[in-house]
Amino acid sequence: MATVEMVMPKMGESIMEGTILSWLKKEGDKIEQDESVLEVATDKVDTEVPAIHTGILKEILAREGEVVEVGRAIAMIETEEQIEVKEERPEKEEKPSAMKAGAGQVEEIPEYTSLILGSVSTKEKSKMYGKRFYSPLVLSIAKQEKIGEGELYSIPGTGKDGRLTKNDLLSYLKNRKGISFNGNSETFIPMGGEDEIIEMDRMRKMIAQRMLDSKNISAHVTSFVETDLTNIVLWRNKIKEAYSKKEGESITFTPFFVQAIANALKEFPMINISVEGDKIIKKKDINIGIAVALSNGNLIVPVIKRADQFNLTGLSKKINDLALRARSQKLTAEELKGGTYTLSNIGSFGNIMGTPIIVQPQVAILAVGTIVKKPAVIETPSGDMIAIRHKVILSHSYDHRIVDGALGGMFVKKVSDYLEEFDPKTLI
């Protein structure tokens, strides 16, 4: 049986003292190595201090609220461990050292590296997850029970400031059941009796990664413009039956949007670019990608190469063909690459506007909402009047690293102008 001192640990290079906030154990309590014994405050950090030996907390030497210098004994621990007695050696620079006690001696002050609200011991690191501190003992139990970071964070704590104690974790483990984890064990999914886990397929994983990459790469900004599509809606209603008989397929609103985008890109070539490192590549061809929703919920973006060279009928046929083959998984690899700008039609889902994510390495994308009837003030030779108009909101997301607000705003306004100026006398 040996008695050893527990000393005030060093919690950073410039920290020479700490204030005892509270003792988590009382005299006579059994303590485990690395189990939190008390809470200490310094001018930089509040932290729990773990025991450096397993044994009985024999005596508390520093009371709550007391300021204690680094290296001073704060408690005595009675332990059955074999404590190695090392011969003290003189040092050039005087350092605080622990006092002898019984058969044991602590040669060095336990050293800790400060965290935001916790500390890291030289033996085992405590951690912070989501601004929450975990003691080494809690982390050790969590590791043994295969509890991931997300699950650990979800467990309510009864300690100071909601910290998770050993008893909280043990209580949770007694009732732990019906829990499933994702692949990296960082988040957990509470499972009910009828819940179902669906693994992401390869395409969904790829989409997820590309969306995250785009958000991390580009500084996304979105500008919105409300556009009057009345001329287009009335013209399409007038010709759609004849068009269907002549071409053997329907004409949607998508080719009108693609045509307007292609025309606007000619006037604003600095939107038709890509970025590689710190270089801007100005594209000669106007290749517009069309986001197509598949039956399984995934998205695919076939590309209309040289979209500015098609008339309205040509665009309609090309879009219908690409959409049909996309949904039947018959697109070639060549038809999925080379896009310089992207269109997403969220109106087909009844959405009025959105904030689309840029397809890398492009710098902009346009989402078109659903077309709705609205009362609007229109100008006539005899004065202003209120009429029912067909309106749509254009949502233009662009990379603010390269495209300033003026350019991004002017571009989407130009797309709107082309749509509003559609000639209702157009022939097919």
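Colleague: A crossing is left-handed if the near helix is turned anticlockwise from the far one by less than a right angle, and right-handed if clockwise. Which hand has the crossing of H5 and H7?

Modeller: This is a predicted model, where local features need pLDDT of at least 70, side-chain atom pairs count only at pLDDT 80 or more, and totals for chains, interfaces and linings use all residues. Residues are numbered from 1 along each chain as its sequence is written, and side-chain values use heavy atoms, without hydrogens or water. H5 spans residues 230-247. Its crossing with H7 is right-handed.

Colleague: At what angle do H5 and H7 pack?

Modeller: Helices here are DSSP runs (H or I, at least four residues), numbered from the N terminus. Angles run from 0 to 180 degrees between N-to-C directions, with axes fitted to C-alpha atoms over the stretch in contact. The axes of H5 and H7 are 13 Å apart, and the angle is about 65°.

Colleague: How are H5 and H7 set relative to each other?

Modeller: Under 35 degrees is roughly parallel, over 145 roughly antiparallel, 65 to 115 roughly perpendicular, and the rest oblique. The angle for H5 and H7 is about 65°. H5 and H7 are therefore roughly perpendicular.

Colleague: Which residues of H7 make the contact with H5?

Modeller: Contact means heavy atoms within 4.5 Å. H5 brings Trp235, Tyr243 and Glu247. H7 answers with Leu312, Thr313, Ser316 and Lys317.

Colleague: Are H6 and H7 oblique or roughly perpendicular?

Modeller: H6 covers residues 254-267. H6 and H7 pack at about 120°, with their axes 9 Å apart. The crossing is right-handed. H6 and H7 are therefore oblique.

Colleague: Which residues of H7 meet H6?

Modeller: From H6 come Thr254, Pro255, Phe256, Val258 and Gln259. They meet a set in H7: Leu312, Leu315, Ser316 and Ile319.

Colleague: Where does Pro361 lie?

Modeller: A cis peptide bond joins Gln360 to Pro361, with omega about 5°. Most peptide bonds are trans. Strands are DSSP runs (E, at least two residues). Pro361 sits in the loop between strand S22 (341-345) and strand S23 (364-368).

Colleague: What phi does Asp34 have?

Modeller: Most residues other than glycine have a negative phi. Asp34 is in the loop between strand S3 (30-31) and strand S4 (36-41). Asp34 is not a glycine, yet its phi is positive, at about 75°.
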